[in-house]
Amino acid sequence: MTDKAVILYIEDNPDNRMLVYRILRAEGFEVHSVPDGQSGIEFLDHTTPDLILMDINLPQIDGYTMTSRLKQRPDLAHVPIIALTANVMKGDREKTFEAGCDGYLQKPVDVDKLGDQIRSFIQVGTFNSLGG
Ligand code: MN
């Protein structure tokens, strides 16, 4: 077992995957990135991450649908799902919360802040189960 927090990042854009992977790895996280929802589900069948970063515009299954499906799984109910999206039109933020997302981050990511943003979501998400 590792004591690093494990992040699953579901994102179809390889540049975004590489950027976020590099930032979060440098911040001390263990990062697994996958290009679509099906790959995400396969990962989640054997590993429970500390947080899921969810792109919204994904091929086949979009991030809203993915989030609502994952939130129905008892084994994942406690895992924060954070939308990371370029959808910043009026109403987009509300749609991510309606789908079950616990947080919302806009693209482009803020390289200097992303680590702290992720840490704050993990602390909120695990406070009850792990006592902080
Ligand atoms: Mn996308």
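Which residues of helix H2 (residues 37–44) are buried?

## Helix H2

In this predicted model, the buried residues of H2 are Gly 37, Gly 40, Ile 41, Phe 43 and Leu 44. Viewed along the helix axis, these buried residues fall within an arc of 160°, so they line one face of H2. An α-helix has 3.6 residues a turn, so residues three or four places apart point the same way.

The cover over the buried residues of H2 includes strand S1 (6–10) and strand S2 (30–34), along with S3 and H3.

## Manganese site

Asp 12 (OD), Asp 55 (OD) and Asn 57 (O) coordinate the manganese ion, at 2.1 to 2.2 Å. The donor residues follow the sequence spacing D-x42-D-x1-N.

Asp 55 has a relative accessible area of 3%, so it counts as buried. Asn 57 stands at 46%, which makes it partly exposed.

Gln 60 lies in the loop between strand S3 (51–54) and helix H3 (63–71). Its phi is near 65°, a positive value in a residue other than glycine. Gln 60 is exposed, because its relative accessibility is 75% and the cut-off for exposed is over 50%.

## Cis peptide bond

Lys 107 and Pro 108 are joined by a cis peptide bond, with omega about -5°. Pro 108 sits in the loop between strand S5 (103–106) and helix H5 (114–130).

Conventions: Residues numbered from 1 in each chain as written. Predicted model: local features only at pLDDT ≥ 70, side-chain atom pairs only at ≥ 80, totals over all residues. Heavy atoms only, no water. Donors = N, O, S within 2.8 Å, 3.2 Å for Na, K, Ca; no water. Buried < 20%, exposed > 50% of the residue type's maximum accessible area, 1.4 Å probe, protein only. Helix = DSSP H or I, 4+ residues; strand = E, 2+ residues; numbered from the N terminus. Arc of directions from axis to C-beta. Contact = heavy atoms within 4.5 Å.
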